[in-house]
Amino acid sequence: MNLRGIFLAKCLVVLFSCVGSANETDTEYGIRDGSVFLNITGFKVENQQEVTWLKNSLRLTKGKGSDVKYYKDGEKYEQFPNGTLKIDRLVEEDSGNYKVTVYSGEGTLQVEKNFILKVQEMVSKPEIKWTCSQKSITVTCEVKQKNKPALRLLQNNKTVSANRETTDANDIWKTEYQHKAKSRTAKFQCEVKNDVSMKTTDQEIKCSGPLDIILIGSIAGGAVVFVIFLALLIYCIRKKRAERYEEEQDEETPMKIRQSSDESKYRELPKPPVHAPQKQPRQQQRPPPQSQTQYQAGPPRPRPRTQQKSPSHMKERP
C-alpha cells in the first residue's frame, strides 16, 4: 500500500506539473532604444529552481536565484532571482520568439512558457493637408513612418477615412477624405498609432467662398495701385531733386571758372614772344674800385670870393 501511495503521489505531481507547463504564448511589445521585461506570471520561482531563457532556440541565460550565467551580452540581458528577463537597448533585431523553462531541484520541468517580442519605433506626429474646390474639400492625413501604422481621419469623433497608402521612397503613409458639405469650415483630427505609441493632430479648415475671393482680389488690387502710386511719388521727388542739383551746378560753374582764371593770372608767369630773340640775363657789374687817393684827398679848397662893386661905380650910372 505504501508503495502504491508513493507512486500515486508522484503521478499527481507529474500531472500538475504538466498542467503548469502547458505551452502558453504571450505577446510583448517594446519601444526601440528602450527596455522590456519578460515576466513569468502565475508562478513563483524559488531560489533552488533553475531558470533558463532562450531566443529562437539559442540559450541566453541560465541560473538559480542570483547565480546566473550569461551566454550573450551580459550588459544587454539581465535575469532577476524571480526569473524575469530584462532586455535593454532594444533594436528591431531583438524581435522574435523567447522561451523560458523552470526546473525544480530534482530536475522536474515545472514551467515552460513562450513569448513573442515585437520591437517598434514610436510614431511621428501626423500632418493634415487640404485642397479647396467649389464643390468639396479634399483632406489628407499623412505621416512618415518606417513600419505600417494605424492611420485614420476623424470628424466630430467619427472615423471618416482609414485607408492607407504609401510611397516606398519616402515611407509616407496617408489617408484621404472628400468633404462635400455646404459649410466651407470643418474640423478634423488625424490619429496615428502602433502597438507602443499614439499621436494625434487637430486642424480647423477654412475655405474661402466667392465673396472672400472678391474681397481678396480687391485688397490685392488696392495694394498694387498703392505700390505703383508710391513708386511714382518717389520717382517724381528724386527727379525734382536731380533738376535742382543740376541748376545749382550750372550756377556755380561760371563762378568757379572766373575764380580759377583770376588765380591763373596771378600764378602764371608772362611768356616770352615766340619770334623775339631771347635776352640774356644781365649780369650785375660791380662798380670799379675807387682809388685810395680819392679817399685820402685833403680838405676842399676855398671858393674864390667875388669882388663887390664900389658905390662910385653905382653912382656914375645915369
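## An exposed arginine and its surroundings

Arg241 is exposed, its relative accessible area being 60%, where exposed means over 50%, buried under 20% and partly exposed in between (1.4 Å probe, protein chains only). The model is a predicted one, in which local features need pLDDT of at least 70 and side-chain atom pairs count only at pLDDT 80 or more, while totals for chains, interfaces and linings use all residues. Residues are numbered from 1 along each chain as its sequence is written, and side-chain values use heavy atoms, with hydrogens and water left out.

## Charged patches on the surface

Arg241 belongs to helix 2, and together with Arg238, Lys240 and Arg244 it forms a positive surface patch. A patch of this kind joins like charges within 9 Å, taking residues with over 30% relative accessible area and no salt bridge. Helices here are DSSP runs of H or I with at least four residues, and strands are runs of E with at least two.

A patch of negative charge is made by Glu243, Glu246, Glu247, Glu248, Asp250, Glu251 and Glu252. One of these residues, Glu246, lies in helix 2, which covers residues 210–267.

## The largest nonpolar core

The largest nonpolar core has 18 residues, and Ile40, Trp53 and Ile87 touch the most other members; such a core is a set of buried Ala, Val, Leu, Ile, Met, Phe, Trp, Tyr and Cys residues joined through side-chain atoms within 4.5 Å. At least two residues of this core come from each of strand 2 (36–38), strand 3 (50–55), strand 7 (85–87), strand 8 (96–103) and strand 9 (109–120). Strand 9 contributes the most, with four residues.

## Salt bridges

Nine salt bridges are found in a search of the whole structure, each being a side-chain nitrogen of Lys or Arg within 4 Å of a carboxyl oxygen of Asp or Glu. One of them joins the side chains of Glu50 and Lys62 (3.9 Å, N to O). Because Glu50 lies in strand 3 and Lys62 in strand 4 (residues 58–64), this pair ties together parts that are twelve residues apart in sequence. Glu50 is partly exposed at 23% relative accessibility, and Lys62 is partly exposed with a relative accessible area of 27%.

Lys76 and Asp94 also meet through their side chains in a salt bridge (2.9 Å, N to O). This pair links distant parts of the chain, 18 residues apart, with Lys76 in the loop between strand 5 (67–70) and strand 6 (77–79) and Asp94 in the loop between strand 7 and strand 8. Both Lys76 and Asp94 are buried.

Conventions
Patch = residues over 30% accessible without salt bridge, like charges linked within 9 Å, V, L, I, M, F, W, Y side chains within 5 Å. Areas by Shrake-Rupley, 256 points an atom, 1.4 Å probe, with all protein chains shown as cover. Lys, Arg positive; Asp, Glu negative; His and termini not counted. Charge placed at Lys NZ, Arg CZ, Asp CG, Glu CD.
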